[in-house]
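Please look over the model below before reading on. A short report accompanies it.

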Amino acid sequence: MTRRLAIIGAGGHGKVAADIAELVGWNEIHFFDDCPPETYPWIVKGNISDLIEQLSAYDGLFVAIGNNAFRKKVLELLEAHNETSLITLIHPKAVVAKSVLIKEGCLIAASAVINPSVVIEKGCIVNTSSSIDHDCHIEQFSHIAPGVHLSGNVKIGKNNWIGVGSTIIQGATLADDVYLGAGSVVVKNLMSAGLYYGNPAKFQRNIKG
């Protein structure tokens with residue numbers, strides 16, 4: 001049986017998404033991108049407007065855009081067309097406890113570990129070899145980069161970017177729109193939007209939207 005998947009975003013994150021999709025049984029994958037590369041390992045069928053005109057031709061849709069704001073914009077565009085075929089992709093070699101709740105449009109990459117009672121809201125990325133311990137809550141359109149470690153009961157706000165190799169202490173809360181630099185260590189709540197980095201992570205500057 002043919003299962004057709006449309007992926008928006010023919011970039012590096014799209015390659016990761018397509019690889020996972022093939023592993024979990026999607027056997028016909030087409031990409032759509034407004035600025036496609038000259039060459040790509042999978043078929044690029046057109047731009048996003050082209051996809052909107054043929055949504056019914058696909059059994060599933062996935063938005064593979066690493067940038068949080070752009071990913072949010074495209075997901076909301078699909079929702080405006082009453083699209084209900086958005087899927088979540090979970091790599092077979094990720095470890096996900098049975099009590100975890102993962103909303104639509106998320107990607108869970110290889111070797112990620114997500115422990116019991118975690119909630120991951122719409123449009124999030126949990127990237128390669130990251131770990132999320134018990135009772136964490138990840139709000140919409142946040143990106144947990146490769147090698148990040150969240151201790152238990154961490155709250156991540158909307159549109160956060162948690163940089164590669166960062167660590168967040170148990171019980172910490174991060175506001176919406178926090179950008180955490182690579183290798184940072186969070187030892188207290190970060191309650192204002194902006195760029196933080198270091199050990200311990202400290203506020204550096206505001207980031208324009």
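The report covers a helix, the nonpolar cores and a serine in a loop.

## Basis

This is a predicted model; local features need pLDDT of at least 70, side-chain atom pairs count only at pLDDT 80 or more, and totals for chains, interfaces and linings use all residues. Residues are numbered from 1 along each chain as its sequence is written, and side-chain values use heavy atoms, without hydrogens or water.

## Helix 1

Helix 1 spans residues 12-23 (helices are DSSP runs of H or I, at least four residues; strands are runs of E, at least two). Its 12 residues reach 17 Å from first C-alpha to last, close to the 16 Å expected at 1.5 Å a residue (1.5 Å times one less than the number of residues).

His13, Gly14, Ala17, Ala18, Ile20 and Ala21 are buried in helix 1 (under 20% relative accessible area, 1.4 Å probe, protein chains only). Seen down the axis, the buried residues fall within an arc of 165 degrees, so they line one face of the helix (the arc uses directions from the helix axis to the C-beta atoms). They pack against several strands, including strand 1 (4-8) and strand 2 (28-32). Gly25 follows helix 1, with a positive phi near 110 degrees.

## Nonpolar cores

The largest nonpolar core has 32 residues (buried Ala, Val, Leu, Ile, Met, Phe, Trp, Tyr and Cys joined through side-chain atoms within 4.5 Å). Ile120, Ile132, Leu150 and Ile168 have the most contacts inside it. Apart from it lies another core of 19 residues, among them Ala18 and Trp42.

## Ser184

Ser184 sits in the loop between strand 20 (178-180) and strand 21 (185-186). Its relative accessibility is 0%, so Ser184 counts as buried. A polar atom of its side chain lies 2.7 Å from the backbone oxygen of Gly181. The Ser184 side chain also reaches the backbone nitrogen of Gly198 at 3.1 Å.

Notes
Buried < 20%, exposed > 50% of the residue type's maximum accessible area, 1.4 Å probe, protein only. Contact = heavy atoms within 4.5 Å. Polar contact = N/O pair within 3.5 Å; in protein donor to acceptor, adjacent residues only side chain to side chain.
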